[in-house]
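Q: Hi! I have this protein open in my viewer and could use a hand finding my way around. Can we go through it together?

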Amino acid sequence: GRPGTPAWFHPRACLVPSGQGNEVLTTLQTIHGSDVFGPVHWTATRDMGKTWTAPAAIPGLGRSPFSDGLEAGVCDVVPEFYPATRSVLAIGHDVFYRKNVLARPQPHRKPVYVIRSANGTWSAPQRLEWDDPRASAIHSCGCSQRIMTADGDVLIPLTFGSTDREDRLVTSVLCSFDGRSLKIRRVGATLENRAKRGLLEPSLTVLDGRYYMTIRAEDDRGYVATSSDGLAWEPMRPWCWDDGEPLAMSTTQQHWLTHSDGLHLVYTRKTDENVRVVRWRSPLFASQVGRSSLRLIRSTERIVLPIVGDARSDPARVPLMGNFHVVDVSPNESWITVGENRPKEAWWGDFLFARIQWSRPNRLLG
């Protein structure tokens with residue numbers, strides 16, 4: 001997508017086990033402007049990323065007339081395989097446009113989901129309803145990592161907000177899922193930070209019975225919280241190095257890279273090299289998390305996708321990589337997928353993924 005062919009954005013993958021060989025299915029969509037997206041598509045690989053099927057549109061996840069001259073679309077879709085019904089549950093959220101520009105203000109935005117059955121057909125779109133006045137403006141789990149529980153429920157992190165305040169809050173909800181519909185059963189504790197738009201795009205993981213949430217914020221920090229059950233959250237704290245120094249982050253999501261030997265975070269942050277890059281959204285880093293301290297171990301930090309171009313003298317042409325996802329594709333390998341974009345170059349960018357290879361098999365997948 002860098003030379004002007006369609007730039008595929010929001011690539012998020014899930015492993016679909018099969019007796020005929022595992023498939024990695026990825027949802028993605030084109031980008032044409034700031035939060036201006038085309039219809040949601042899917043593509044898949046059966047040879048661990050060497051070749052991919054041609055992207056195909058998912059029925060019902062394109063643009064459609066809404067009201068008062070608005071068009072409705074869907075974005076920020078994340079697919080996850082659901083073993084009990086051998087289906088893929090893909091969840092994004094509403095987005096509204098006026099004359100092909102993001103409408104402001106937006107009508108009430110809700111999670112939108114579709115289900116891909118074992119035979120490869122997609123269901124009609126549905127919405128995850130939540131009748132709570134605190135979410136009168138938005139409730140969304142776009143871009144988020146969620147958890148399929150052992151008893152068949154789905155634990156989903158939400159960002160939400162009301163029409164009478166600018167900042168958003170986060171929580172988690174436990175949902176039933178029968179392969180056909182998704183319904184909220186329980187709502188967790190609320191976390192908040194009143195700086196600007198508040199808390200956004202939370203992601204969940206679980207390891208050894210402890211639940212972790214990482215959260216995008218707008219006060220030059222990212223945050224982490226823990227829970228014993230995925231619903232009762234302890235007070236959040238800013239991401240810091242193991243010496244206590246806070247990381248400088250600029251309103252960008254983080255995601256979990258979870259392995260049975262340890263917990264890792266994938267993120268962006270401010271460095272001497274990228275200080276002129278928009279929101280410091282390149283490169284992508286990963287570090288191991290000290291689970292007792294909830295701090296990043298500085299000596300473990302690695303660049304997983306490097307800066308492309310000259311970030312010091314020509315930062316406008318550096319592809320941004322702030323919208324990414326993490327997937328375990330085998331007990332020995334994880335991927336970080338990202339769609340680059342260059343706002344000053346017609347939003348062109350490539351679909352990239354980094355392979356993380358583990359020295360020991362991941363017993364969580366074994």
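Q: Let's start with Ser-140: which backbone nitrogen does its side chain reach?
A: The side chain of Ser-140 reaches the backbone nitrogen of Gly-142, at 3.1 Å. A polar contact is a pair of N or O atoms within 3.5 Å; within protein, one must be able to donate a hydrogen and the other to accept it, and residues adjacent in sequence count only if both atoms are side-chain atoms.

Q: Before we go on, what kind of model is this?
A: This is a predicted model: local features need pLDDT of at least 70, side-chain atom pairs count only at pLDDT 80 or more, and totals for chains, interfaces and linings use all residues. Residues are numbered from 1 along each chain as its sequence is written, and side-chain values use heavy atoms, with hydrogens and water left out.

Q: Thanks! Is Ser-140 buried or exposed?
A: Ser-140 is buried, with a relative accessible area of 4%. Buried means under 20% relative accessible area, exposed over 50%, and partly exposed in between (1.4 Å probe, protein chains only).

Q: And where does Ser-140 sit?
A: Ser-140 is in strand β11, residues 138–140. Helices (H or I, at least four residues) and strands (E, at least two) are DSSP runs, numbered from the N terminus.

Q: What is Ser-140 in contact with, leaving aside neighbours within four places in sequence?
A: With that limit, Ser-140 is in contact with His-93, Pro-111, Pro-157, Leu-158 and Thr-159. Contact means heavy atoms within 4.5 Å.

Q: OK, new residue. Where is Ser-260?
A: Look in the loop between β20 (255–259) and β21 (262–267). Ser-260 counts as buried, at 7% relative accessibility.

Q: Which backbone nitrogen does the Ser-260 side chain reach?
A: The Ser-260 side chain reaches the backbone nitrogen of Arg-363, at 3.0 Å. Arg-363 is also among the contacts of Ser-260 beyond four places in sequence, including Leu-207 and Pro-361.

Q: Switching topic: in what order do the four strands of the open sheet come?
A: The order is β1-β2-β3-β4, and the pairing is antiparallel. Two strands pair if DSSP finds at least two bridges between them.

Q: Which strands stand at the edges?
A: β1 (8–16) and β4 (56–57) do, each with a single partner strand, so one side of each has no neighbour in the sheet.

Q: How many bridges join β1 to β2?
A: Seven bridges join β1 to β2 (residues 23–33). In this pair, Ala-13 stands opposite Thr-26 in β2.
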